Amino acid sequence: MAEALVSAATGALQPVLGKLGTLLGEEYKRLRSIHAEIKFLTLELKAMDAFLEKMAEEEDPNPQDKHWMNEVRELSYDVEDNLDEFMARVVAGKSAKPDGFMDKIKGSLKRVKARHEIAKAIEDLKKQAIEVSQRNARYRSGETGASDTNSVHKVDLRALAIFEDASKLIGVDEPKREIIQLLGDSEASKHQPNVVAIVGSGGLGKTTVANRVYQELKDQFNYHAFLSVSRNPDIASVMSNIYGQLNEHYSPCEEILQTIITKIRDFLENKRYLIVVDDIWKEDHWKVIKLAFPETSSGSKIITTSRNKDVAESCCSTSHGHIYNLRPLTMMQSRQLFYTRLFNSEEECPSDLKEISVQILEKCAGLPLAIIAISGVLADKISRKDQWRRVKDSIGRALRNSSVETIISLSYLDLPPHLRTCLLYLSIFPEDHIINKDNLIRRWIGEGFIHQQKGPHRQGDPTPYELGEKCFTDLINRSLIQPAEIDGSFGGNEVDSCRVHDMVLDFVVAKAVEENFVTIIGVPGVVNPDPENNKVRRLSLQKDGEIPPGLVLSHARSLHVFGGSVKIPSLSEFQLLRVLDYEECGQLEDDNLAGIGDLLHLKYLRFRNAHSVTELPKELARLQHLEIDIAQDYRHTEGMKIPEIVRNQLGCYVTVFADYYEALPDEIADTQGLRVLENLSVYNQSIEFLEGLGMLKNLRKLGIHFESHYADDDWEEQQEAAVLSLWQLGGASLESLYLFIKDEDADYNEGPILEEEWFSCPPCGIRELVIDGYSLTTFPEWLESFDKLEKLSLPVSDIGEKGVEILGALPSLSYLIIKWATDSDGGEEMEAATRRAMEAHPNRPTLVWRYW
């Protein structure tokens, strides 16, 4: 049976009902004196829950219903806060072992006091529920829509194509060609950078067009950058981002604006560059940004995008550039985009849906975002004409400010309740933020938005994380979030991160704030619309945000801190936190984590680039249900130390990015929570580190470099220790291995790296193996033990009959990349033999043969 979920629509009502049922159980038999009150409260809340679920389907509830819905949601959170505090005290009391008669007396008195407190709390909550009910004369009744959320499916490739291969789908080719022509034929470009400013309304595809031009031209320039400014930018961070893309040796850090502008200007002096400055809202922002681009850099190109024509004119005023007015899609292009998303082609659209399709597209007014959004709504209604008609009519009834806004609202209402909650949660992220999928899913789980099975996990049951992945792909497939980074290796389509279009973000922020689902501080124009309700449920601190006086933080379930300018709040005010996330918070220090061990409900704690925190607090070991997620970048910092007691008792999820040139601390190899380790250079590490590497039984992904350039007298011992650890990891949990081998001295080619018995430890669990650096002179026959290998990339100058036989016998192989050395003979014959082996393979693996 699945645990009840926290929901944007019903608040914590469903978890509360489950916890009230627990209080009626045998474990809390000493509460029998208030069983009647608990049962009454349960029945009252069940009625409220049913009403809220029904009202969640209403497109625009009347003001009285909205007010009551908010009141009930707030009541549900208050009830859960009281129950959680009581249950936490009971658990704490049971875990304490009394020592002697007086301790037993004290414990008994505490239990009596606790029962008295919960009895009083239940009585108070009962009164509150009665008062809330009496303020509403009656509960409405009616049918509640249901959605099937049980089927697990993959990301819809058509949805990915909208964003990742848009050139043939949304009319990008013509504007791309015209913009490239404008960039090339200006007289001004002979003496200074040429500028083209793309202007158009929201949802028209300005970013998509600019990105296509950028991708086509960037290889012609040694220096190029693409960045978004957004509505309320931190200009210093924007400029640091530009410089980080232009200069690979620059590590983004906090610097005053004048300094970073000077650095960029000096770096670009007399160089040709291509810059895209996307989504500029104000002329003042451009006037600052342009100072970084020297006018003496002839042949350089700058592209800007904006909704505001005045901003576009400002971008071109000093450089004699061009304004490009982006046009809406034609009806033919609109049909192409719409039908490709739903049916793969217009010809496959059922004839009875074509007329209503045209009517829907007319309302979309040629806006790609509107067409994409409405196709997401219709994706699971492909053969249901009556539902298509209802969707079309809904757009007409709801038409207020724009077709895009209306369709986003319709897309939201079409979501099942749990997906609405997951979507509204995205309001916590800053504009233009790249949202990591893994982190987002773990936040959802920590908040209680994802179904979790009670009792032991049975084979075949989806894990909470897998269910979170389904929610993520559902939002991708409905085109409500956009893929940002796609793992395209081996022809894959796994989305690693997403972004939220600013118009969708505007909608979810407004909705989340209106329902007091999220409180956002530091973003101009975002305020809580209800001054009477100062209780914070989820808090997002952004930019230079500082918590104003008067807010009640003691009920907050999650705290999300973004950026180095936010004033870090004291954790003593956040006793009920489930999720705590610090992202890019260089100002966070050890002292800011004081009292974190008292957050008894904390389930997910994350640090990303918290460079000033030297060590995790030892008291975190008290929190038995806590998962810690740490992304440490050792390329620019010493990293955060994890005490042994924390490493041994908690489920840490640690990602480490090493520095090719520096050794990692030995204790990293003793971090059992280490899941990802990249850029590890073998010949820079100690023997102790390399030996300990093989004991990391939770390591899933490893990127390791054997480069003789860094080797010293201990290279043989280092190599043997590393290979032994790889042998051990291959038989444990390692799933993805990247090996970079670059041996400039022939002596290193005779070491154990290429020995046949290197990985002969069947069964080997590695699913993805990439070998890079230089061509292997002999085929690694130890590959025959890789019975779970699905993806293989191999640089070779010879395979031989034995190698082809091994490749054809790998039972799980689905994708094979062979990089054949161009100076080796027999490439065509060997390619033909390998293709025959892949065609005969039961999986018919994809073969990509490259000459390098």
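In what order do the 5 strands of the open sheet run? The order is β2-β3-β4-β1-β5, and the pairing is parallel. Strands here are DSSP runs of E, at least two residues long, and helices are runs of H or I, at least four, numbered from the N terminus. Two strands pair if DSSP finds at least two bridges between them.

A word on the model. It is predicted, so local features need pLDDT of at least 70 and side-chain atom pairs count only at pLDDT 80 or more, while totals for chains, interfaces and linings use all residues. Residues are numbered from 1 along each chain as its sequence is written, and side-chain values use heavy atoms, with hydrogens and water left out.

β2 (223-230) and β5 (322-325) stand at its edges. Each has a single partner strand, so one side of each is left without a neighbour in the sheet. β2 pairs with β3 (residues 273-280) over 7 bridges, in the parallel sense. Within that pair, F226 stands opposite V276.

Next, the helices. Helix α8 (residues 235-246) packs on the sheet and touches β2 and β3, where contact means heavy atoms within 4.5 Å. The direction of α8 makes about 160° with that of β2. Axes are lines fitted to C-alpha atoms, for helices over the stretch in contact, and angles run from 0 to 180 degrees between N-to-C directions.

α8 also packs against helix α9 (residues 257-268), at an angle of about 25° and with the axes 9 Å apart. The two helices are therefore roughly parallel, a label for angles under 35 degrees. Who meets whom? In α8, the residues include I235, M239 and Y243; in α9, they include L257, I261 and F267.

Now strand β11 (residues 558-562). Is β11 largely enclosed or left open? 5 of its 5 residues are buried, so β11 is largely enclosed by the rest of the structure. Buried means under 20% relative accessible area, with a 1.4 Å probe and protein chains only. S558, H560 and F562 cover one side, L559 and V561 the other.

β11 pairs in the parallel sense with β10 (residues 538-541) over 4 bridges. It pairs in that sense with β12 (residues 579-583) over 5 bridges.

Y582 leads us to the largest nonpolar core, of 92 residues. Such a core is a set of buried Ala, Val, Leu, Ile, Met, Phe, Trp, Tyr and Cys residues joined through side-chain atoms within 4.5 Å. Y582, F607, L769 and L783 have the most contacts inside it.

Definitions and conventions:
Buried < 20%, exposed > 50% of the residue type's maximum accessible area, 1.4 Å probe, protein only. Parallel < 35°, antiparallel > 145°, perpendicular 65-115°, else oblique.
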